[in-house]
Amino acid sequence: MNRAFITGITGQDGSYLAELLLEKGYEVHGLVHRPESLASGVLARITQGETAAGTRLKLHIGSFEDTTHLRRLIMRAKPNEFYHLAAQSSPRLSLELPETTMESVGMATVRLLEILRDLDNPPKFLFASSSEIFGEPAQTTQDETTPMQPSTPYGVAKALSTQMAKIYRSAYGLNTCAAILYNHESPRRSVQFVTMKVAQAAARISQGAKQRLKLGNLTGQRDWGWAPDYVRGFWMMLQQEKVDDFVLATGKLHSVEQLVAQAFAVVKLNWKDHVELDAGLKTAVEPARLCGNPAKAKRVLGWENTVPFDLMVERLVASQL
């Protein structure tokens with residue numbers, strides 16, 4: 001039986017990945033930082049059920065700060081695939097908490113790689129990187145060869161981990177790689193992210209809530225994809241005999257204004273009647289027009305995003321309704 005270990009298993013990507021691997025017959029081990037996060041959600045439904053999948057899901061309470069405990073968990077689980085998804089996930093917050101971000105994103109990855117390096121049979125390892133590693137790129141679209149020049153502590157920490165995964169691959173011969181992820185959304189996305197914030201506001205206002213949707217700006221552009229597709233890409237990356245880094249993206253940009261307009265169109269409302277700009281929500285470093293080129297993933301893995309932007313937004317709003 002294939003065995004996988006997932007950090008960040010209670011998050012959007014982690015829960016989708018756990019479901020995917022369980023469907024494929026894996027035994028899945030997950031590191032849970034906050035036990036209270038298991039009280040509800042998809043993992044609770046799996047573990048409380050009497051299905052075979054439920055018995056193959058093993059959840060472990062732990063923290064990256066306790067390296068000894070983490071080492072013991074990994075040695076007992078004996079995974080042949082390791083997916084490192086957990087970390088502080090906000091570029092904006094990283095400007096306020098740079099030390100915490102470097103610790104939870106950068107150094108946590110190095111510690112994990114050191115644990116795996118000491119194992120007799122190290123698993124294939126995937127790090128969930130980010131388009132934020134490119135910061136302010138000169139290229140219109142970015143691929144695996146684009147120079148890293150991050151503009152936030154979050155981007156720096158992700159770049160550090162991405163480079164370390166490459167170093168452990170070249171210097172120690174380990175099967176370690178990074179998935180360079182552009183924005184990817186789903187109904188499991190936290191309302192801290194603009195996509196779900198917009199979807200939730202559109203749904204509530206359509207049901208009579210007296211509120212205004214406040215946003216920092218409408219001009220920012222993102223490369224938005226469908227999260228379950230990206231998680232499928234994780235798995236495809238680790239099925240390669242020799243793993244490598246891949247950009248997972250749609251290759252298409254959409255603005256925040258397009259996001260808002262589409263979300264309110266789903267509930268048949270004019271967004272201009274319900275949205276206002278709040279300068280206090282702007283960040284000191286606004287992200288560039290980051291747009292990924294997924295050509296390598298399509299050519300080598302046969303991977304691509306399958307849910308177009310409009311349908312993605314429709315699904316987000318429907319989930320909130």
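Student: Leaving aside neighbours within four places in sequence, which residues is phenylalanine 234 in contact with?
Tutor: Contact here means heavy atoms within 4.5 Å. By that rule, and with those neighbours left aside, phenylalanine 234 is in contact with Asp13, Leu17, Tyr83, Leu85, Leu126, Ala179, Leu181 and Leu248. Keep in mind that this is a predicted model, where local features need pLDDT of at least 70 and side-chain atom pairs count only at pLDDT 80 or more, while totals for chains, interfaces and linings use all residues. Residues are numbered from 1 along each chain as its sequence is written, and side-chain values use heavy atoms, with hydrogens and water left out.

Student: Which residues touch the most other members in the largest nonpolar core?
Tutor: In soluble globular proteins, nonpolar side chains tend to be buried together. A nonpolar core is a set of buried Ala, Val, Leu, Ile, Met, Phe, Trp, Tyr and Cys residues joined through side-chain atoms within 4.5 Å. The largest one has 36 residues, and Ile6, Leu17, Val28, Tyr83, Leu126 and Phe234 touch the most other members. Helix H9 (residues 227–238) supplies the largest share of this core, with seven residues. There's also a second, separate core of 25 residues, and its members include Ala201, Leu215, Leu218 and Trp224.

Student: How do I read those helix labels, and where is serine 15 found?
Tutor: Helices (H or I, at least four residues) and strands (E, at least two) are DSSP runs, numbered from the N terminus. Serine 15 sits in helix H1, which covers residues 12–23.

Student: Does serine 15 count as buried or exposed?
Tutor: Buried means under 20% relative accessible area, exposed over 50%, and partly exposed in between (1.4 Å probe, protein chains only). Serine 15 counts as buried because its relative accessibility is 3%. For glycine 25 the value is 32%, so glycine 25 counts as partly exposed.

Student: Where does glycine 25 lie?
Tutor: Look in the loop between H1 and strand E2 (27–32). Not counting residues up to four places away in sequence, glycine 25 touches Met1 and Arg56. Glycine 25 and methionine 1 are 24 residues apart in sequence, and their C-alpha atoms are 7.3 Å apart in space.

Student: How many disulfides does the structure hold?
Tutor: A disulfide is a covalent bond between the sulfur atoms of two cysteines. The test is a pair of cysteine sulfur atoms within 2.5 Å, and this structure holds zero. Cysteine 177 is buried because its relative accessibility is 0%, and cysteine 291 is buried because its relative accessible area is 4%.

Student: Which lysines have a positive phi?
Tutor: Lysine 78 lies in the loop between helix H4 (67–77) and strand E4 (81–84), and it counts as exposed because its relative accessible area is 54%. For lysine 268, phi is positive too, near 60°. Lysine 268 is in the loop between H10 and E13, and its 76% relative accessible area is why it counts as exposed.

Student: Where does histidine 274 lie?
Tutor: Histidine 274 is in the loop between helix H10 (256–266) and strand E13 (275–277). Histidine 274 is buried because its relative accessible area is 17%. Residues up to four places away in sequence aside, histidine 274 touches Ile205, Arg212, Leu213, Phe264 and Leu269.
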